[in-house]
Amino acid sequence: MDIRNLKGSIVALVTPFHADGSVNFEKLSELVEWHVGNKTDAVLTLGTTGESSTMTHEEDDAVLQCVIRAAAGRVPVIAGTGSNSTQTMLEKSLRAEKLGADGLLLITPYYNKGNAEGICRHFTAVADAVRIPCILYNVPCRTVCAISVENVEKLSKHPNICGIKEASGDMSYAMRIAHCISPDFALWSGNDDITIPLLSIGGSGVISVWANIQPRECHDMVMDYLEGRREQAVSTAVKHLELMNGLFMEVNPIPVKTALNQMGRDAGPFRLPLCEMTAAHQEQLRGLLREAGLVS
């Protein structure tokens with residue numbers, strides 16, 4: 001499926017695990033089905049929220065295959081294939097393309113970071129090699145490495161780079177790259193709490209953590225804004241802002257998986273170094289879910 005003109009809510013999907021830490025493919029399929037039924041516009045698997053940094057390449061492939069089968073062509077499937085090693089990212093991206101992913105999410109190189117030209121070549125190496133569209137991922141709080149405005153300007157002109165997930169939380173930066181938006185290059189919010197501001201400068205939607213627990217609300221909020229029902233969109237954002245922020249009271253994806261477990265969706269445990277939330281935070285999160293009508 002073509003993701004080049006995609007708009008709406010892309011869920012940054014969790015990866016459910018069994019108690020022993022293995023991937024729970026049955027629950028993964030159930031989550032994809034739930035999202036399709038609740039109007040999620042695309043599924044991103046193997047991203048930050050999917051705990052891909054703790055998974056083997058073989059697990060990555062199996063998870064991607066499972067998500068593609070469950071989606072069954074009804075919504076696009078985007079695979080997170082990033083790495084701090086450009087060669088590893090290239091190999092993962094080629095495998096994801098072969099397995100049937102509709103697009104790729106490519107992160108900046110973490111730890112070794114790279115200089116400006118190296119970061120540009122990092123993305124270009126993959127975009128030159130694959131035939132499916134690539135989305136850049138700017139999340140300096142995770143990688144301690146940002147995509148410069150100048151690199152966004154260069155990369156936005158690449159025929160196989162179709163957008164950027166902007167997750168710095170810096171509206172000044174977002175404003176400075178907004179002129180790169182075109183029919184061939186989209187801006188996606190990577191922070192649920194500022195989706196509306198990103199839409200106001202030409203964004204196409206959100207790649208969302210919040211959508212894991214309220215997929216219909218997230219889709220409706222974005223489409224309300226894009227289709228001109230802006231007061232309704234703002235009202236939805238304000239109504240759910242405390243819950244959106246509550247999903248980051250501890251490092252993502254700990255709160256969102258905990259929320260799914262509290263909702264009875266059995267997302268399972270985490271892989272170290274992630275572990276369960278403090279008891280106080282679990283109770284605080286349950287209170288937010290109760291206020292939203294998601295738990296009794």
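Colleague: How do the residues lining the largest cavity divide by class, and what makes a residue nonpolar, polar or charged here?

Modeller: The lining splits into 5 nonpolar, 2 polar and 4 charged residues. Ala, Val, Leu, Ile, Met, Phe, Trp, Tyr, Cys and Pro count as nonpolar, Asp, Glu, Lys and Arg as charged, and the others, Gly among them, as polar. Bear in mind that this is a predicted model, where local features need pLDDT of at least 70 and side-chain atom pairs pLDDT 80 or more, while totals for chains, interfaces and linings use all residues. Numbering runs from 1 along each chain as its sequence is written, and side-chain values use heavy atoms, without hydrogens or water.

Colleague: What makes this space a cavity and not a pocket?

Modeller: Take a 1 Å grid over the protein atoms alone: in a cavity a 1.4 Å probe fits but cannot get out, whereas a pocket is an open set with protein on both sides within 12 Å along at least five of seven lines, and lining residues have an atom within 4 Å of a point. There is 1 cavity of 30 Å³ or more, and the largest holds about 60 Å³. Its lining includes Asp60 and Lys92, and α3 gives the largest share, 4 residues.

Colleague: How many residues line the largest pocket, and which lie nearest its centre?

Modeller: There are 26, with Thr48, Ser52, Ser53, Ile107 and Tyr110 nearest the centre. The pocket's volume is about 580 Å³.

Colleague: Back to Asp60 and Lys92 then. Why is a pair like that called a salt bridge?

Modeller: A side-chain nitrogen of Lys or Arg has to be within 4 Å of a carboxyl oxygen of Asp or Glu. The closest N and O atoms of lysine 92 and aspartate 60 are 3.8 Å apart, so the pair passes that test. Lysine 92 sits in helix α3 and aspartate 60 in helix α2, 32 residues apart.

Colleague: What makes arginine 229 partly exposed?

Modeller: Arginine 229 has a relative accessible area of 40%, so it falls in the middle class. Its salt-bridge partner aspartate 224, at 2.7 Å, is buried at 11%. Salt bridges with shared partners join Asp224, Glu227 and Arg229 into one network.

Notes:
Grid points are joined across faces, edges and corners, and a volume is the space filled by probe spheres set on the points. Helices (H or I, at least four residues) and strands (E, at least two) are DSSP runs, numbered from the N terminus. Buried means under 20% relative accessible area, exposed over 50%, partly exposed in between (1.4 Å probe, protein chains only).
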